[in-house]
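Please consult the sequence and the model alongside the text.

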Amino acid sequence: MVAVAQRRDHRCISDRFDPWRHNFDGTAQGRARGGSRYRHHHEHGRLQRSREDRIIAGIAGGIAARRGRDATIVRIVLVLLGLLSGVGVVAYVLAWLVLPAEGSSETIAARAISDRQGITIAIALVPALVLVLLVGAALHASFLSSWGLPLLVSAAGLVLVYRNAEDDERAWLTESVKALLQLGAEPRQSRRSFIARLGGGAVLFALGVIVISHAGHSWLRPLVGTLLLIAGTVVLLGPWWLKLAMDLLNERQARIRAEERADMAARVHDSVLQTLAMIQRSADQPQEVAKLARAQERELRSWLFEGRPPGSFGAEGVATLSAGVEQIEREVEATHGIAVDAVTVGDVPLDDELRALLAAGKEATVNAAKWSGATSVSIYVEAEPKQVSMFVRDRGAGFDCNRVGGDRKGIAESIRGRMQRHGGTAVIRSVPGEGTEVELSMPRHPSRA
Amino acid sequence: MTTADAPRVFLVDDHHLFRAGVRSELGEAVRVVGEADEVAAAIELISERLPDVVLLDVHMPGGGGKAVIEAIKASHPTVRFLALSVSDAPEDVIGVIRAGARGYVTKTISGPELIDAVLRVASGDAVFSPRLAGFVLDAFASMPPGSELPSSLDPELDNLSPREREVLRLIARGYTYKEIARELTISVKTVESHVSAVLRKLQLSTRHQLTRWATERRLI
């Protein structure tokens, strides 16, 4: 699993001298709660909790994204730390409190400070701690004594997390806990098996506790006790874990399906809808119309029956970034009769992300050719080790970014949506009368290339 | 009407039609003092007429623009050269710059922009087209980590400063000097001096990439 540092930043700047392009981080603090959620995420920015790559709080995912490590390894290390001593668990809960979620400007702790009731509940857990310590002492169960404090501190932290988390995170927590509570509310036919499981699990668990707490000098006893504990836990909670994993899988599949649909819409827009627009404009030239229709038919056929998506890069042996840029240059010059000046610095082999970048860049170039009224468009592409940037610039009419209707699929879907789906960003700067510049950037994953 | 201080320009290109086109585009802004369609004639006529700026094609029979610059540069260092070409091959472009041209523009350049470029070169500045800026950024690309820097490299000459890189990037993105000055909040004069500094590095650097990179474009 590769953690992807999501960079979501979809602003439209209608003034080229916008100060926050250069000093963007400082504004995040002052932004009102509940306003725009996603802010610029610098590669070397602060540690954040990942939204995409998370099992519990997204801390492992965040660390992995920041350090460029594999999230699974980070998770294993965290679990080992947690098992070795309760301090690991406490540290995790504290991190949950003080690290902001990705795209959020506020930590949970910042909100918890003003949550009096939550703090009261957390403090009310102190008598419970005393009770646990007393029971541990009475049973001579040293593990209860050593784990009591960290577990209770964690519980107090979790109370604050739950009460002060953002809505989506709380919904997720509620969902998980509900699944746990529903253990007792299963369909009737499995009621019996549930009781059996509950009983069996409880017996195993109790046996484990007894064996461990009465561990004599034999080294075998704690081992057996631990095994019994684990077995009991699995019997008790196994089905719940399974359900959770299934839900997670379903959710991911649904998201992938939605993204595929959006990708297809963008492709149809780029090819079919663009051609239809051109046909309308040249309605008085039957030959031109026939030519356009034929070309579109061929393209559509090869998409539907040969699986070659229209406007995709790599279909005609285009394997590198610079070759893809040259293809854009050629195609837009041929179809729209406008001079395209393309400059490429550095070169890399194409992957899915870079194909998306090229497709979005082509759309921006076509837009410039169709709407700007300029005689030439400049394309500048630079491949750097960490990211690939693409600039499409014209000195044409420009437009007011705020006035483009929501139904204009071109910018919304084919450029912004496409970049976002592949983890990149799009910034459009346009000044009426001076021209437009579209800036696209896509982080690179050399480890996968 | 040609003003008295308009730069004297000489055209070297093997295409008659193209020379005629450039001549009419330059119009009254400069004085065209002569033209030539091959290397030997160009060298002879330029030595005789000593123009301020020679507009020359990169590709020509008999050694190309590079041969013309090399022949003139030694005896008449005041003559300045501006390469004008459709050639896209980086090694040709870099070659002509390293021979001594003060700039490179593509033949798709518009009339007013060409005049501007000629005036700039006449006053001793450098002229970088977006394409040349891209080539230079590529040639001065940061070394891949792990590779040894040859000890012969002069850090002053063989690396671009961050500001110079910024200016080149904006040129490559199609910004004019005026727009670059506005974007970076510096004066046009400062932009010009950055570009001239890059030109100097390009001509003097011994960076081995400059000779090698043309064949194998950087794959990172």
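Helices (H or I, at least four residues) and strands (E, at least two) are DSSP runs, numbered from the N terminus. The model is predicted: local features need pLDDT of at least 70, side-chain atom pairs count only at pLDDT 80 or more, and totals for chains, interfaces and linings use all residues. Residues are numbered from 1 along each chain as its sequence is written, and chains are lettered from A and ligands numbered from 1 in the order in which they are written.

**Overall composition**

Chain B contains 11 helices and 6 strands. Of its 220 residues, 42% count as buried. A residue is termed buried if 20 or more other C-beta atoms lie within 10 Å of its own, exposed if 12 or fewer, and partly exposed in between, with C-beta atoms placed from the backbone. Two residues are in contact if their C-beta atoms, placed from the backbone, lie within 7 Å. Among contacts in chain B between residues at least 6 apart in sequence, 67% join residues at least 24 apart.

**The sheet**

The strands of chain B form an open sheet of 6 strands in the order S2-S1-S3-S4-S5-S6, with parallel pairing. Two strands pair if DSSP finds at least two bridges between them. Strand S2 (31–36) and S6 of chain B stand at the edges with a single partner strand each, so one side of each has no neighbour in the sheet.

Strand S3 (residues 53–56) of chain B pairs in the parallel sense with strand S4 (residues 80–85) of chain B over 4 bridges. Strand S1 (residues 8–12) of chain B also pairs with S3(B) in the parallel sense, over 4 bridges. Leu55(B) stands opposite Leu82(B) in S4(B), and Leu55(B) is also the bridge partner of Leu11(B). Both faces of S3(B) are covered: Val53(B) and Leu55(B) are buried on one side, and Val54(B) and Leu56(B) are buried on the other. From S3(B) the chain crosses through helix H3 (residues 64–75) of chain B to S4(B), and this β-α-β crossover is right-handed. Right-handed means that, with the strands pointing away from the viewer, the path from the first strand over the helix to the second runs clockwise.

**Loop residues**

Most residues other than glycine have a negative phi.

Gly124(B) lies in the loop between helix H5 (111–122) and strand S6 (127–128) of chain B. Gly124(B) has 10 other C-beta atoms within 10 Å and is therefore exposed. The C-alpha atoms of Gly124(B) and Arg80(B) are separated by 7.9 Å, although the two residues are 44 apart along the chain.

**Helix packing around H10**

The axes of H9(B) and H10(B) come within 8 Å and cross at roughly 105 degrees. Axes are lines fitted to C-alpha atoms, for helices over the stretch in contact, and angles run from 0 to 180 degrees between N-to-C directions. Angles under 35 degrees count as roughly parallel, over 145 as roughly antiparallel, 65 to 115 as roughly perpendicular and the rest as oblique. H9(B) and H10(B) are therefore roughly perpendicular to each other. Tyr177(B), Lys178(B), Ile180(B) and Ala181(B) of H9(B) make the contact with Val188(B), Val191(B) and Glu192(B) of H10(B). These residues divide into 5 nonpolar, no polar and 2 charged. Here Ala, Val, Leu, Ile, Met, Phe, Trp, Tyr, Cys and Pro count as nonpolar, Asp, Glu, Lys and Arg as charged, and the others, Gly among them, as polar.

Helix H8 (residues 162–172) of chain B packs on H10(B) at an angle of about 100 degrees, with the axes 10 Å apart. H8(B) is thus roughly perpendicular to H10(B). Arg163(B), Glu164(B), Val167(B) and Leu168(B) of H8(B) meet Val191(B), His194(B), Val195(B), Ala197(B) and Val198(B) of H10(B). The residues of this contact comprise 6 nonpolar, 1 polar and 2 charged.

**Contact with chain A**

In the interface, 15 residues of chain B are in contact with 14 residues of chain A. Helix H6 (residues 130–139) of chain B supplies the largest share of the chain B side, 6 residues. That side divides into 7 nonpolar, 3 polar and 5 charged residues.
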